[in-house]
Amino acid sequence: MKPGVQARRDAATAVGRILRSGAYSNRLVDMSTLPQQDADQFRFLTYTTLRHLKRIDGVVEGFSKRKIPKLDGDVADVLRVAVAELLYGRAPAHAVVDSAVESIKSGKRGKASGFVNGVLRAIVRDRERLPPPSDPRSEYPEWMVEKLDGQWDADEVEAFLSVSLGDAPRQVRAGPGSGGEGLSVVEAIPGAYEWSASGELPDGFVVQDAASVAVGNAVPLRPGDLVLDLAAAPGGKAAHMRDRGARVVATDRNRRRALDGHRRWPDLHWVVADGLHPPFRPGSFDHVLLDAPCSGLGTMRRRPEVRYRVDSESIVELGKRQRSMLDTALTLVRPGGTVTYSVCTVTSEETVDVVAGLPAEAPEGAPGRIWGNGILLGPHLTDTDGMFISVVRRP
Ligand SMILES: C[S@@+](CC[C@H](N)C(=O)[O-])C[C@H]1O[C@@H](n2cnc3c(N)ncnc32)[C@H](O)[C@@H]1O
């Protein structure tokens, strides 16, 4: 196989799995076993295709004269990845076209190689017809842009959307007593570091976005406190609270995810349970962390596809479920205890609206900007995932 074909083929396969089978881009990209240079190309092509999918699909449809749903999925994905590279990459056009043709020939859709060749050659010949790079708003579903415009000022929407089209820094959390090369401190988030070295992560560190570290820091616990993590899997934040000296009970409704968590953090006390019907007596815990299931729109640098997995109706439904889980969580803490509510998203329905009217406030010392009764971190604010955190105190 010619150089670069495998990376391009893997990217097309990954795009198909992400768009049609619910796989997550960050997992597929991190799991690649290709040699470093090919792995970097695979990562670039997969992310670029997903981030600019609307523009890329417009080009594929314009030149193939077919709507994407009318194309075979594998053929569409090879074309998408090739167009992503023609628009945003640096490889010579002939290498991109030849690779795409070789890639389709070697798969189950070999008969489509003439079509792929024709469409891509027409694009290369007729480059002036390509739409210019668009403003960041047009890279996202319209409902999402409208929603953000309804809750933030135009500058913040613009900043969030354009920064969310880029790469996330590689961030880690330090466990007790750890140290290592290639680490730089993330400002205002104790325990969070950026990790620039290659190779194995030094002992004692776990890969965790700094916004998630800020969540683990936000729970106002003291060593020895009994803390429930009500939606805990895979367990990064529960392990952080354990490292801070808490006795942690980690529950999750999803058995497979809880088992993964148990394998990774066997010293935590794992319970498979529905957070809406938890098997614990009222008032049993000093503190609860509710890191609630959410739309994940704060994670689009690592998972650009999440924007295609939700819509405005599902956001409203998520907000209702989050509020029910929060009400349940509040019954589980002793008087004077707290529920720390966090979500890695930025829609008002899942953030400020959920804690509105409750005795809630922003956690002490966390970076970001105050929003309603909580604090907002984000790619455009703190160079982290988007994360809303609010600490609700039970009277
Ligand atoms: C944002 S993730 C939690 C991430 C986790 N806190 C960590 O730091 O690793 C949300 C979790 O909520 C779980 N979940 C969804 N609905 C739930 C429910 N009704 N009760 C308990 N867990 C639920 C999901 O299985 C998922 O693992």
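1. Domains. The chain is assigned domain 1 (5–129) and domain 2 (171–393), the bounds being taken from an automatic or database domain assignment. Their C-alpha centres are 35 Å apart. To the contact, domain 1 contributes 13 residues and domain 2 contributes 10 residues; contact here means heavy atoms within 4.5 Å.

2. Basis of the values. This is a predicted model, in which local features need pLDDT of at least 70 and side-chain atom pairs count only at pLDDT 80 or more, while totals for chains, interfaces and linings use all residues. Residues are numbered from 1 along each chain as its sequence is written, and side-chain values use heavy atoms, with hydrogens and water left out.

3. Helix α4. V59 belongs to helix α4 (residues 53–64); helices (H or I, at least four residues) and strands (E, at least two) are DSSP runs, numbered from the N terminus. With a relative accessibility of 2%, V59 counts as buried. The classes are buried under 20% relative accessible area, exposed over 50% and partly exposed in between, for a 1.4 Å probe and protein chains only. Leaving aside residues up to four places away in sequence, V59 touches V83, L87, I123, L130 and P131. From V59 to E139, 80 residues apart along the chain, the C-alpha separation is 13 Å.

4. The cavity. How many cavities of 30 Å³ or more does the structure hold? There is one, and the volume of the largest cavity is about 60 Å³. On a 1 Å grid over the protein atoms alone, a cavity is a set of points where a 1.4 Å probe fits but cannot get out; a pocket is an open set with protein on both sides within 12 Å along at least five of seven lines; and lining residues have an atom within 4 Å of a point. Grid points are joined across faces, edges and corners, and a volume is the space filled by probe spheres set on the points. The largest cavity is lined by R8, R9, V78, V81, A82, E85, V96, S99, A100 and S103. Two or more of its lining residues come from each of α1 (5–21), α5 (73–88) and α6 (93–105). By class, the lining holds five nonpolar, two polar and three charged residues. Here Ala, Val, Leu, Ile, Met, Phe, Trp, Tyr, Cys and Pro count as nonpolar, Asp, Glu, Lys and Arg as charged, and the others, Gly among them, as polar.

5. The second largest pocket. This pocket has a volume of about 260 Å³. It is lined by 14 residues, of which R9, A12, T13, D74 and V78 are the closest to its centre. At least two lining residues are supplied by each of α1, α5 and α6, and the largest share, six residues, is that of α1. The lining comprises three nonpolar, four polar and seven charged residues.

6. Strand β1. Strand β1 runs antiparallel to strand β3 (residues 192–195), with three bridges joining them; two strands pair if DSSP finds at least two bridges between them. Within this pair, V172 stands opposite Y193. Three bridges also join β1 to strand β4 (residues 205–207), again antiparallel, and there R173 stands opposite V206.

7. Positive phi values. A188, in the loop between β2 (183–185) and β3, has a positive phi of about 65°. A188 is partly exposed, at 43% relative accessibility. D383, in the loop between α15 (379–382) and β13 (387–393), has a positive phi of about 55°. D383 is likewise partly exposed, with a relative accessible area of 34%.

8. A cis peptide bond. The bond from A233 to P234 is cis, with omega near 5°. P234 sits in the loop between β5 (226–229) and α11 (236–243). R256, in helix α12 (residues 255–264), is 22 residues from P234 in sequence and 9.5 Å from P234 in space, C-alpha to C-alpha. At 55% relative accessibility, R256 counts as exposed.
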